[in-house]
Amino acid sequence: MSSINRIRTARRRIALVGVVAAGSLLLAACGNGDGMDGMDHGSDSTAAASKEPGKDTNASADFNDADVTFAQGMIPHHQQAIEMSELAETRASDPEVKKLAGQIKKAQDPEIKTLQGWLKSWGQPTEMDSGMDHSEHGGMSGMMSEQDMKDLEAAKGAKFDRAFAEMMIEHHNGAIEMAEDEKKNGKSADAKKMADAIIKGQSAEVDQFEKILDRI
């Protein structure tokens, strides 16, 4: 083989070795990159799943009969308060009455959803026994009768303002009584926390309604 051919052959070998080496480095880099990405994505997904609400499998066991009674009773109790507050939107004449009605609706609507969620997680019905007389049941104190609601719906202006304030004081006091029973006898930490918030919030609103009655 001539010296020229030997030089050409050597150059081809060197070039081939270089290509193979570069390819190996590129494959290694890609493999490491994919592995890191996969690990990172997996960690992110796990972290996200661990923070997702409703993933606590022990939550459903942390309740007793008092918690169930509180949740089942407070749902229709809140629903009636919202119904009363919606009447105030078009019938009340006093600005403070309208403001309080809006405040009640804003606070109690999300609490209803929370209470329903707890009952479902506990495997309990979201409604009380349909045959139960809510107006006389101790867990439903403060509920307005059907006639009370009709009378409130028929009132307007200052007459509505006074009727709404008087009824809501009675309604709130009933909710406070239910919440105090939950704090005393309940087991669920979340339910007792809501009960405490109801006592504080609605007690303050009762004071406001009493002041409204003093001036109208």
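Which residues does Met167 touch, not counting residues up to four places away in sequence? In this predicted model, the partners of Met167 are Met84, Met144, Asp148 and Leu152.

Met167 sits in helix α5. Its relative accessibility is 13%, so Met167 counts as buried, the cut-off being under 20%.

Along the chain, Lys159 and Ala92 are 67 residues apart, yet 8.5 Å separates their C-alpha atoms.

**The whole chain**

Now step back for a moment. The protein chain contains six helices and zero strands, and its elements follow the order α-α-α-α-α-α from the N terminus on. Of its 216 residues, 35% count as buried. If you take the contacts in the chain with a separation of 6 or more, 80% of them come from residues 24 or more positions apart.

**Helix α6 and its cover**

Helix α6 covers residues 189–215. How far apart should its ends be? With 27 residues at 1.5 Å a residue, α6 should span 39 Å, and its end C-alpha atoms are 40 Å apart, which agrees.

Several residues of α6 are buried, among them Ala191, Met194, Ile199, Glu205, Phe209 and Leu213. What lies over the buried residues of α6? The cover includes α2 (65–91), α3 (95–121) and α5 (157–185).

Ile198 belongs to helix α6 and is buried, with a relative accessible area of 2%. Leaving out residues up to four places away in sequence, Ile198 touches Phe70, Met74, His78, Glu111, Ala175, Ile176, Ala179 and Ser203. Ala179 is 19 residues from Ile198 along the chain, and their C-alpha atoms are separated by 6.7 Å.

Two packed helices are described by the angle between their axes and the distance between the axes. Here are both values for two helix pairs.

| Helix pair | Axes come within | Crossing angle |
|---|---|---|
| α5 and α6 | 8 Å | roughly 155° |
| α2 and α6 | 11 Å | roughly 40° |

Start with the second row of the table. The axes of α2 and α6 cross at roughly 40°, and that makes α2 oblique to α6. The crossing of α2 past α6 is left-handed. On the α2 side of the contact are Asp67, Phe70, Met74 and His78, and these meet Ala191, Met194, Ala195, Ile198 and Gln202 in α6. By class, this contact of α2 with α6 has six nonpolar, two polar and one charged residue.

What about α5 and α6, roughly parallel or roughly antiparallel? Their axes cross at roughly 155°, and angles over 145 degrees count as roughly antiparallel, so α5 and α6 are roughly antiparallel to each other. α5, too, passes α6 in a left-handed crossing. The contact of α5 with α6 is made up of 14 nonpolar, four polar and nine charged residues.

Key
Residues numbered from 1 in each chain as written. Predicted model: local features only at pLDDT ≥ 70, side-chain atom pairs only at ≥ 80, totals over all residues. Heavy atoms only, no water. Helix = DSSP H or I, 4+ residues; strand = E, 2+ residues; numbered from the N terminus. Expected span 1.5 Å × (residues − 1). Buried < 20%, exposed > 50% of the residue type's maximum accessible area, 1.4 Å probe, protein only. Contact = heavy atoms within 4.5 Å. Axes fitted to C-alpha atoms, helices over the stretch in contact; angles between N-to-C directions. Parallel < 35°, antiparallel > 145°, perpendicular 65-115°, else oblique. Left-handed = near helix turned anticlockwise from the far one by under 90°. Nonpolar A, V, L, I, M, F, W, Y, C, P; charged D, E, K, R; others polar.
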